[in-house]
Each structure stands twice: as C-alpha cells, then as structure tokens.
Amino acid sequence: MAVEVYLIFNGNCREAVAFYEDAFSTDKAEIMTFGDSPQNPDYPLPEEAKDLVMHTRLSVFGSRIMFSDTFPGSPYAVGNNVTLAVVSEDEEQMRKAFDKLKDGGKVVMELQETFWSKCYGSLTDKFGVEWQFSHEVNE
C-alpha cells in the first residue's frame with residue numbers, strides 16, 4: 001500500500017509534466033486524456049475536455065507523483081489542487097479506511113469499479129483533506 005501525491009491542474013497539466021520531466025530528468029510520462037476514456041452516449045464529453053490530461057505519473061527520486069487536469073466546469077482553486085492517493089492491492093483494507101474517512105466527510109465518488117481500477121473512489125474528509133483510493137494489482 002502506498003499514499004501518493006496527486007496534483008491537479010487547470011488545463012496546463014501537460015506543460016507542468018513536461019517541466020517536471022526536464023527538472024528531474026525522468027522518463028517521458030504516458031498521458032491518458034479524457035478523450036481516451038470509454039465514452040457514454042448519455043453523457044457526451046465536452047469538446048474542450050478531450051485533450052485534457054485525465055491521468056499521468058512520474059517517478060521523482062523514487063516517489064511516484066500523479067497528475068491530472070481538472071474536468072471543465074469542476075471547481076479549481078490553488079490549495080485544493082493536491083489530493084492524497086491511496087494505492088493498494090488490499091481492497092478490504094482500502095474499503096475499511098474509506099468508510100472511516102467518510103465519517104463526517106463528503107463522498108465525491110463511492111468505491112466502485114471503473115475502467116482503470118477494480119475499486120476506485122474519492123472523498124473529502126472532515127478536515128478538508130481530499131483522498132482518492134485505487135485498487136492496483138502489481139504484476
């Protein structure tokens with residue numbers, strides 16, 4: 001299990017990632033855009049979202065840092081652009097922690113299967129800290 005930093009940007013994620021790649025001499029990041037995700041005809045993806053970064057990550061001195069643009073129309077303010085991501089193979093332990101953190105907090109997305117994770121969810125705890133949980137199997 002790991003707790004990792006997730007940085008959110010307001011449309012300039014690609015620029016920031018390129019900057020950090022150069023600054024830390026890392027490998028080039030693989031970028032997944034909102035347009036790369038499976039589309040739901042009931043909820044068409046806005047044109048301005050298609051090329052925005054949905055997810056990418058870099059290894060910086062042995063630590064993984066994840067990055068994303070905020071989805072168009074979602075609130076964005078410097079200060080809430082950092083979340084903590086719990087990444088684990090232990091789904092049961094993740095579910096227990098998620099249930100405890102949501103006490104007094106606000107669930108953004110209940111734990112559920114997504115196209116990128118068997119179990120993913122996000123919430124803001126009662127102290128205003130934003131968390132993402134993602135089940136990830138290391139093969």
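## Surroundings of T33

Leaving aside neighbours within four places in sequence, T33 is in contact (heavy atoms within 4.5 Å) with R14, K50, D51, L52, V53 and M54. This is a predicted model, in which local features need pLDDT of at least 70 and side-chain atom pairs count only at pLDDT 80 or more, while totals for chains, interfaces and linings use all residues. Residues are numbered from 1 along each chain as its sequence is written, and side-chain values use heavy atoms, with hydrogens and water left out.

A polar atom of the T33 side chain lies 3.3 Å from the backbone oxygen of K50.

## Strand pairing

T33 belongs to strand 2 (residues 32–33), strands being DSSP runs of E with at least two residues, numbered from the N terminus. Strand 2 pairs with strand 3 (residues 53–60) in the antiparallel sense over 2 bridges, where pairing requires that DSSP finds at least two bridges between the strands; M32 has H55 in strand 3 as its bridge partner.

Strand 3 also pairs with strand 4 (residues 63–69), again antiparallel, over 5 bridges, and R57 has M66 in strand 4 as its bridge partner. The hairpin of strand 3 and strand 4 has 2 residues between the strands, and F61 takes a positive phi near 50° there.

## Residue F9

Not counting residues up to four places away in sequence, F9 touches A16, Y20, F67, S68, D69, T70 and Y76.

Technical notes:
Helices (H or I, at least four residues) and strands (E, at least two) are DSSP runs, numbered from the N terminus. A polar contact is a pair of N or O atoms within 3.5 Å; within protein, one must be able to donate a hydrogen and the other to accept it, and residues adjacent in sequence count only if both atoms are side-chain atoms.
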